[in-house]
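Please look over the sequence and the structure shown here before reading on.

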Amino acid sequence: MTTYAAVVLAGGRSRRMGSDKLAEPVGGVAMLDRVLAAAAGASEVVCVGEPRTTSLPVRWVQEDPPHGGPAAAVAAGVDELDPAALVVVLLAGDLPWVTRAGVEQLVAALHATGTEGVMAVDAEGREQPLLSAWRADPLRTHLAAAQPLHGLPAFRTLAALSRSTLQLGAAADDADTPEELAAARARLSP
């Protein structure tokens, strides 16, 4: 397995949830900790957002200004990574079904293609930019050229890079609402 670095976006305001969704337990584990477990094979993990306690060691950084949106958060996280990293995996902090196997499938798919990235596709056929793997050099170059990123969505920012897709089904579904959280809990109850 080729090594990769991971950037986890953990700075959203959880407006639709009405509470800190990343701290919400799913299957007995905080949602953010579930995502960090999926990235356990990474050489380093950078979380973007206000620092919080996690079950695994991570390095925290925040985009400037704070709450600048997903594209700005991706850039802040990638800037914090070791420059020697060759592959970067991007993960949203609210993916209750993501697994380490799914993350490793993305990395393997990237190495099997000539594209600059691989985005997961959810059960409804949508590409998920915050469950993706990227070749680090073109990602860094693109993010630097795309400034300013404040307020931009991740998909719009990453769409200019060549990419393929990988069907990961429910592993690519996020939990943004109380109903989605309830569905995740029902499926993953201990």
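## Proline 148 and its cis bond

Proline 148 is located in the loop that runs between α4 (136–145) and α5 (154–158). The peptide bond leading from glutamine 147 into proline 148 is cis, and its omega is near -5°. This description, like the rest of the report, rests on a predicted model.

## The loop between β5 and α2

A cis peptide bond also joins aspartate 64 to proline 65, with omega at about 0°. Proline 65 belongs to the loop between β5 (59–61) and α2.

Histidine 67 is likewise in the loop between β5 and α2. Although histidine 67 is not a glycine, its phi is positive, at about 60°. The relative accessibility of histidine 67 is 30%, so the residue counts as partly exposed, a class that lies between the limits of 20% and 50%. As background to these backbone features, most residues other than glycine have a negative phi, and most peptide bonds are trans.

## Overall form

The protein contains 6 helices and 9 strands. Its C-alpha trace spans about 40 × 35 × 30 Å along the principal axes.

Of the contacts between residues at least 6 apart in sequence, 71% connect residues that are at least 24 apart.

## Nonpolar cores

Buried residues account for 50% of the 190 residues in the protein. In soluble globular proteins, nonpolar side chains tend to be buried together. The largest nonpolar core here has 60 residues, and Leu91 and Leu131 are the members that touch the most others. Helix α2 (residues 70–80) makes the greatest contribution to this core, namely 7 residues. Apart from it there is another core, made of 6 residues that include Met31, Trp97, Leu181 and Ala184.

Setting aside residues up to four places away in sequence, leucine 131 has a set of partners that includes Leu90, Leu91, Leu95 and Val98. Also among the residues touched by leucine 131 are Val118, Met119, Leu168 and Ala171.

## Surface and charge

The accessible surface of the protein amounts to about 8500 Å², and carbon and sulfur atoms supply 53% of it. The protein carries 15 positive and 22 negative side chains. The centres of these two sets lie 2 Å apart.

Key:
Residues are numbered from 1 along each chain as its sequence is written. This is a predicted model: local features need pLDDT of at least 70, side-chain atom pairs count only at pLDDT 80 or more; totals for chains, interfaces and linings use all residues. Side-chain values use heavy atoms; hydrogens and water are left out. Helices (H or I, at least four residues) and strands (E, at least two) are DSSP runs, numbered from the N terminus. Buried means under 20% relative accessible area, exposed over 50%, partly exposed in between (1.4 Å probe, protein chains only). Contact means heavy atoms within 4.5 Å. Accessible areas come from the Shrake-Rupley method with a 1.4 Å probe; for residues, only the protein chains shown count as cover. Lys and Arg count as positive and Asp and Glu as negative; His and the chain ends are not counted. The place of a charge is taken as NZ of Lys, CZ of Arg, CG of Asp or CD of Glu. A nonpolar core is a set of buried Ala, Val, Leu, Ile, Met, Phe, Trp, Tyr and Cys residues joined through side-chain atoms within 4.5 Å.
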